[in-house]
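This report describes the packing of a single predicted model.

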Amino acid sequence: MNPSDFQLRPVAEPDLDALQGLAAGVSPGIGSLRNDRQLLAQRIERSLQAFATADDDVSGEESYLFVLEQQGRLLGCSGIAARAGYGSRFYSYRNEFVVATSAALGLTQRTHTLHLCHDLTGATLLTSFYIAPQAPLEAAQLLSRARLLFLQLHAARFSDRIVAEFPGLLDAQGHSPFWDAVGRRFFDMDYPQAEAVAGGRSKAFIADLMPQSPIYVPLLPEAAQRAIGQLHPDGELPFDILLSEGFDAESYIDIFDGGPTAEGRLQALRSVRAARPVGELAGQACIACTRTREGFRAQLLAPGAVPPNPDALATPLNLEALA
Ligand SMILES: NC(=[NH2+])NCCC[C@H](N)C(=O)O
């Protein structure tokens with residue numbers, strides 16, 4: 001593998017066929033990339049608009065989509081939504097622990113509860129991560145982390161709070177134990193159907209139909225309890241990349257499938273803290289990107305490689321190697 005073969009850039013109109021090819025590889029109910037040609041064409045359109053919008057004109061509605069290519073072949077994509085739940089609300093369950101004490105019995109009970117909340121509304125959302133299974137790990141790093149450099153370079157357009165939702169555990173039949181115990185009681189539909197209705201976007205029907213009072217976790221069936229905060233195997237790679245950046249996944253879960261939601265502060269992320277002008281990182285493998293917005297490009301540089309663009313911003317590929 002030649003690291004410089006991998007290039008990340010904003011999605012463009014001619015990518016539609018290849019993008020649909022990628023979306024066909026995504027298991028149903030996983031992630032925010034859907035195999036729907038019309039939706040994908042709209043996403044490309046929205047992304048072109050987002051990259052073209054001047055700093056003074058951003059609203060928070062912008063949704064950016066990047067693609068990773070290897071010598072002209074599309075290998076993956078990843079996205080950023082400037083503000084989660086733009087124009088409406090963004091829903092999550094927040095983990096809270098209620099402590100009850102009985103002096104008479106000498107007992108203290110700590111009970112896990114889930115609270116429907118809008119805490120993450122307005123945060124910047126990392127979306128649509130998908131990479132072909134045969135792609136090397138470094139390519140996945142480039143695909144996920146170049147977004148963080150983009151956020152850093154154009155920070156005024158984004159929130160300082162960065163969030164990503166990950167798919168929850170499904171059983172062998174594709175049923176979500178968490179959905180079956182919670183959402184299904186109120187929506188009266190199967191998990192895949194609910195996903196299709198939600199279309200990966202906030203919908204008022206969530207507020208209309210979900211129960212507003214906290215859920216006491218011990219009252220849920222065992223399988224649903226076990227699924228809380230559990231990751232679907234398809235989410236492992238992108239989840240691990242964000243956790244090593246310093247994202248935290250303790251506080252929030254997905255309201256449908258109970259999957260973990262990761263959150264972090266941009267300035268505290270390791271790639272961001274380690275970012276330098278490319279010249280200062282010449283001795284090590286790194287992820288380097290242009291400072292431009294519309295013509296954004298990012299790539300991997302081998303140790304000692306001559307950066308094609310001396311003005312690039314770079315971050316070490318292997319954060320463990322950081323002094
Ligand atoms: N797996 C899912 N689609 N869950 C629904 C996510 C909803 C999202 N947090 C929102 O409020 O828009």
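## Helix 1 and helix 2

Helix 1 passes helix 2 in a right-handed crossing. The two axes cross at roughly 120° and come within 10 Å. On the helix 1 side the contact uses Leu-16, Asp-17, Leu-19, Gln-20 and Ala-23, which meet Arg-37, Leu-40, Ala-41 and Ile-44 of helix 2.

Helix 1 spans residues 16–23, and its Leu-16, Leu-19, Leu-22 and Ala-23 are buried. These residues lie on the same side of helix 1 because they cover an arc of only 115° around the axis. An α-helix has 3.6 residues a turn, so residues three or four places apart point the same way. Besides helix 2 (37–52), the buried residues of helix 1 pack against strand 2 (63–70), strand 3 (73–81) and strand 6 (124–131).

The largest nonpolar core has 46 residues, and Leu-68 and Leu-126 have the most contacts inside it. Helix 3 (residues 137–153) gives this core its largest share, nine residues. Apart from this core lies another, of 41 residues, which includes Leu-40, Tyr-91, Leu-116 and Ile-255.

Which residues does Leu-126 contact, leaving aside neighbours within four places in sequence? They are Gly-79, Ile-80, Arg-147, Leu-148, Leu-151, Ile-162, Val-163, Ala-164, Leu-242 and Phe-247.

## Helix 3 and helix 9

Helix 3 packs against helix 9 (residues 236–245) at an angle of about 55°, and the axes are 10 Å apart. That angle makes helix 3 oblique to helix 9. The crossing is right-handed. From helix 3 the contact takes Leu-137, Ala-140, Gln-141, Ser-144, Arg-145 and Leu-148, and from helix 9 it takes Leu-237, Ile-241, Leu-242 and Glu-245. Leu-148 and Leu-242 are also among the contacts of Leu-126.

## Helix 6

In helix 6 (residues 191–198) the buried residues are Tyr-191, Ala-194, Glu-195 and Ala-198. They line one face of the helix, because their directions fall within an arc of 100° when seen down the axis. The buried residues of helix 6 pack against helix 4 (177–181) and helix 7 (204–209).

## Arg-46

Arg-46 lies in helix 2. Its relative accessibility is 32%, so Arg-46 counts as partly exposed. Not counting residues up to four places away in sequence, Arg-46 touches Glu-61 and Ser-63. Between Arg-46 and Ser-144, which are 98 residues apart along the chain, the C-alpha separation is 20 Å.

## Positive phi at two loop residues

Most residues other than glycine have a negative phi. Gln-71 is not a glycine, yet has a positive phi of about 45°. Gln-71 sits in the loop between strand 2 and strand 3. With a relative accessible area of 66%, Gln-71 is exposed, because the cut-off for that class is over 50%.

Asp-188 also has a positive phi, of about 55°, although it is not a glycine. Where does Asp-188 lie? It is in the loop between helix 5 (183–187) and helix 6. Asp-188 counts as exposed, at 71% relative accessibility.

Definitions and conventions:
Residues numbered from 1 in each chain as written. Predicted model: local features only at pLDDT ≥ 70, side-chain atom pairs only at ≥ 80, totals over all residues. Heavy atoms only, no water. Core = buried A, V, L, I, M, F, W, Y, C linked by side-chain atoms within 4.5 Å. Buried < 20%, exposed > 50% of the residue type's maximum accessible area, 1.4 Å probe, protein only. Helix = DSSP H or I, 4+ residues; strand = E, 2+ residues; numbered from the N terminus. Contact = heavy atoms within 4.5 Å. Arc of directions from axis to C-beta. Axes fitted to C-alpha atoms, helices over the stretch in contact; angles between N-to-C directions. Parallel < 35°, antiparallel > 145°, perpendicular 65-115°, else oblique. Left-handed = near helix turned anticlockwise from the far one by under 90°.
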